[in-house]
Amino acid sequence: MSTNAGIEQELNINVEDMDIVYERPDTLTDTRMHYCPGCSHGVVHRILMEVVQELGIQDKTIGVAPVGCSVFAYSYLDIDMQEAAHGRASAAATGIKRVLPDRIVFSYQGDGDLAAIGTAETIHTANRGEKILVVFINNAIYGMTGGQMAPTTLDGMKTSTSPFGRNPDHVGHPLKITDLIAMLPGAYYVTRVAVNNPRNVRVAKKAITKSIQYQMDGKGLCFVEVVSNCPSGWKMTPVEANKWLEENMFPIYPLGDLKVPSDDK
Amino acid sequence: MSEILLMKGNEALAEAALRAGCQGYFGYPITPQSEVLEYLSQHGEERRMTVLQAESELAAINMIYGAAGAGARVMTSSSSPGISLMQEGLSYIACAELPCLLVNINRGGPGLGTIQPSQGDYFQAVKGGGHGDYKLLVLAPATVQEMADMVFEGFDLADKYRNPVMILADGALGQMMEKVSFRDYDPSKRIEHPWATTGKNGREERNIITSLHIKSEQMEKINQHLQKKYCEMQEHEVRFQEVQTEDAEYLLVAYGLCARIAHKTVQLAREKGIKAGLLRPISLFPFPTNEIHKLAKKVNSVLTVEMNAGQMYEDVRLAVNGQVPVEFYGRMGGIIPSPEEVLERLEKMVAPQSVKMKEETV
């Protein structure tokens, strides 16, 4: 209770008198996350672990964390985890799933990891139809290294390595890797979601639930892109970042299913 | 032991993996070792081994990371340029302490080089190869039979030390056919791996496989732990073979294919009245440093023979530590030295002008 004492005093309330409307799932550890205020990672971690709890698969789920802001994901997710080399999370996940085919395996990767240095692994993992879930956090920037240009950085968007704005004549246009993945026969379910408002959080959670259920049914690769913010990297407040996300990211990365299983249509 | 078969070195490696309880093989084709992947693609499924052709050696070594981290007995193989691509993954595997078996069928480099046999990857194999302070346990076979035996031994050593083990052979050993028989292996005897990420499955604590230790104090502790492990290997796992060293006045040191050539040179030298002997390091890390040091006390000089520009030569010199002259004879670019040319080099050492010759080494 000591951690709540200050809040209780400040708000003039008694926590014990209140109804619980929001609890940490048992599948998340009791650890303060290192993510910046307003960052999408915490929400995505939470809904991922809510699904693991609701489906009762904590004991058989193995996650793979990338290099990037979510490199420490294993500190928060109370499941067996591996931390892979930069870009290689889907290869490590392939290795796990191939020797333990009855486990639930996912990789959790950012845009630099998945769509730059790990592009080959990403494409080939999808093309093989590995029966895993790939969660792709696309915030159009390298957060952990301090705000450099990502493969998904928008045209004209300023970062520390595109200080005059991304110039497509110089570095090409943003890579819509999810669209590429959706073209591959091995990809079973490909969708693009966001967690910027409660409605979108519910949609995102449903996409993750579906993906894991497909995996439990032995279907192919499920790929969930989460169009995310990066208030620190974008140099905005969380509120500004979410507004910028809607106005600038969604037109380039429109939300919705890119590929749904034919029997679900 | 199985019946005696006639097999290519690469095929013997693959067959040994199947018999040694290997559960997963992830690899990428490259000459001169593609037969390993081909053989396992043919026979893996029916014998319950997961075999996957990866999109690159980068992917293959990271599949090994994942599968070894999940507790499976796994192996990959490649040849020099492919092994270079795996170095990042090997550094992670060494730090995360994942047991696995690697095979390098060494070809001539640098660069794309040649597909002919070479020992040019000695430094890369025994000094770490990737970033950071780590070691592979490196075994160097000289026959097809040893290639097969070292698969069994390598898997067990990898488990024992939670460390990647490399079999460092060369293109000639991979391609040559010799007779071979296979040991028996009982998979139930494999040591436990309670650290593996198999799903919590009732465990209170989750298992985490990582090489990230962001706090310096923690990272130093990990390094100290690894170094302690390498010291234990140095203490317990040195393997070598001696040939006619009892009365030797000249000591040849060579490993792998070169040891077979040097063995013949010892015979030719003895026929000419030169008392030569051979020490063949079988484990390259840990290196038989003490054994070479002791032998050096008894001989006039030492000749290291390699298919490279003199890599193990440096370790031999460290072992001899100035007691007697250490000389080198090597061929590069995929050329295998003949016993006669090694003998010629040895005879120059025996002749009185031998001191001068030191300057003329390759």
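**A strand pair across two chains**

Guide: Strand β2 (residues 80–83) of chain A and β9(B) pair in the parallel sense over two bridges. Strands here are DSSP runs of E with at least two residues, helices are runs of H or I with at least four, and both are numbered from the N terminus. Two strands pair if DSSP finds at least two bridges between them. In this pair, M81(A) stands opposite I208(B) of β9(B).

The model is predicted: local features need pLDDT of at least 70 and side-chain atom pairs count only at pLDDT 80 or more, while totals for chains, interfaces and linings use all residues. Residues are numbered from 1 along each chain as its sequence is written, and chains are lettered from A and ligands numbered from 1 in the order in which they are written.

The pair belongs to an open sheet of eight strands with mixed pairing, in the order β9(A)-β7(A)-β8(A)-β4(A)-β3(A)-β1(A)-β2(A)-β9(B). β9 (256–259) of chain A and β9 of chain B stand at the edges with a single partner strand each, so each has one side without a neighbour in the sheet. Further in, β1 (residues 61–65) and β3 (residues 104–110) of chain A pair in the parallel sense over four bridges. T61(A) has I104(A) in β3(A) as its bridge partner. Helix α3 (residues 89–99) of chain A packs on the sheet and touches β1, β2, β3 and β4 (133–138) of chain A. The direction of this helix makes about 175° with that of β3(A); axes are lines fitted to C-alpha atoms, for helices over the stretch in contact, and angles run from 0 to 180 degrees between N-to-C directions.

The contact takes 34 residues from chain B and 30 residues from chain A, where two residues are in contact if their C-beta atoms, placed from the backbone, lie within 7 Å. On the side of chain B, the elements that give two or more residues are β2 (24–27), β3 (50–53), α3 (57–69), α5 (87–96) and β9 (208–209). With nine residues, α3(B) gives the most. By class, this side of chain B has 14 nonpolar, 16 polar and four charged residues. Ala, Val, Leu, Ile, Met, Phe, Trp, Tyr, Cys and Pro count as nonpolar, Asp, Glu, Lys and Arg as charged, and the others, Gly among them, as polar.

Chain A has ten helices and nine strands. The radius of gyration of chain A is 19 Å, close to the 18 Å that the globule rule gives for 265 residues, so chain A is as compact as a globular protein of that length. That radius is taken over C-alpha atoms, and the rule is 2.2 Å times the number of residues to the power 0.38. The C-alpha trace of chain A spans about 55 × 50 × 35 Å along its principal axes. Among contacts in chain A between residues at least 6 apart in sequence, 67% join residues at least 24 apart.
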